[in-house]
Amino acid sequence: MEDVTQQNEDWFSEDTSTFGDRLAGAREAAGMTQAQLAKRLGVKLTTMQSWEEDLSEPRANRLTMMAGIIGVSFSWLLNGEGEGVEAPDMGQDLPDGVDDLLLELRAIKARVYRETERMGIVEKRLRAAIKAGT
């Protein structure tokens with residue numbers, strides 16, 4: 001099994017988590033609900049939910065406010081580097097190997113998210129090329 005330091009590094013890294021994963025993890029570590037953080041930021045609960053579900057992303061000014069409220073660095077929210085929160089306590093009540101499977105699942109989720117972003121960019125370029133050709 002991985003040591004705890006490596007597990008903490010992997011759990012919220014850019015390769016294994018998305019912005020929404022890091023936001024939810026930091027919010028929970030700060031002891032706040034989605035509704036509480038949304039209120040502090042002056043946004044609707046549905047907006048907060050869409051950020052945590054990676055359906056949209058906040059603007060830079062909201063990111064800065066958010067980072068300060070939940071006690072993490074701006075860069076950690078964006079890419080998992082810098083001052084952040086510890087990985088959730090895994091493995092105490094879980095069967096052997098489950099923590100590794102959870103990390104693998106999170107890595108797959110993050111790759112799918114990045115590829116979806118990339119697909120959107122390619123689709124925009126395709127639409128522009130088609131429009132330019134007509």
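Start with H3 and H5: their axes come within 10 Å and cross at roughly 125°. Axes here are lines fitted to C-alpha atoms, for helices over the stretch in contact, and the angles run from 0 to 180 degrees between N-to-C directions. H3 and H5 are therefore oblique to each other; on this scale, angles under 35 degrees count as roughly parallel, over 145 as roughly antiparallel, 65 to 115 as roughly perpendicular, and the rest as oblique. The crossing of H3 and H5 is right-handed, meaning the near helix is turned clockwise from the far one by less than a right angle.

Show side chains next. From H3 pick Leu37, Arg40 and Leu41, and from H5 pick Arg62, Met65, Met66, Ile69 and Ile70, the residues that make the contact. Contact means heavy atoms within 4.5 Å. By class, that contact of H3 with H5 has 6 nonpolar, no polar and 2 charged residues. Ala, Val, Leu, Ile, Met, Phe, Trp, Tyr, Cys and Pro count as nonpolar, Asp, Glu, Lys and Arg as charged, and the others, Gly among them, as polar.

**Before you go on**

This is a predicted model, in which local features need pLDDT of at least 70 and side-chain atom pairs count only at pLDDT 80 or more, while totals for chains, interfaces and linings use all residues. Residues are numbered from 1 along each chain as its sequence is written, and side-chain values use heavy atoms, with hydrogens and water left out.

**Zoom out**

Colour by secondary structure and you get 7 helices and 0 strands. Helices (H or I, at least four residues) and strands (E, at least two) are DSSP runs, numbered from the N terminus. Of the chain's 134 residues, 33% count as buried, which is to say under 20% relative accessible area with a 1.4 Å probe, protein chains only. Among contacts between residues at least 6 apart in sequence, 59% join residues at least 24 apart.

**Select H4**

Now take residues 45–52, helix H4, where the buried residues are Met48, Ser50, Trp51 and Glu52. What covers them?

Keep H3 and H4 on screen. They pack at an angle of about 110°, with their axes 8 Å apart. That makes H3 roughly perpendicular to H4, and this crossing is right-handed too. On the H3 side, select Gln34, Ala35, Leu37, Ala38 and Leu41; they meet Leu45, Met48, Gln49, Trp51 and Glu52 in H4. These residues divide into 7 nonpolar, 2 polar and 1 charged.

From H2, bring up Phe19, Gly20, Asp21, Leu23, Ala24 and Arg27; from H4, the partners are Met48, Trp51 and Glu52. This contact of H2 with H4 divides into 5 nonpolar, 1 polar and 3 charged residues.

**Last stop: aspartate 54**

Where does aspartate 54 sit? Look in the loop between H4 and H5. Check its backbone: aspartate 54 has a positive phi of about 60° although it is not a glycine. Is aspartate 54 buried or exposed? At 13% relative accessibility, aspartate 54 counts as buried.

Note on methods
Buried < 20%, exposed > 50% of the residue type's maximum accessible area, 1.4 Å probe, protein only.
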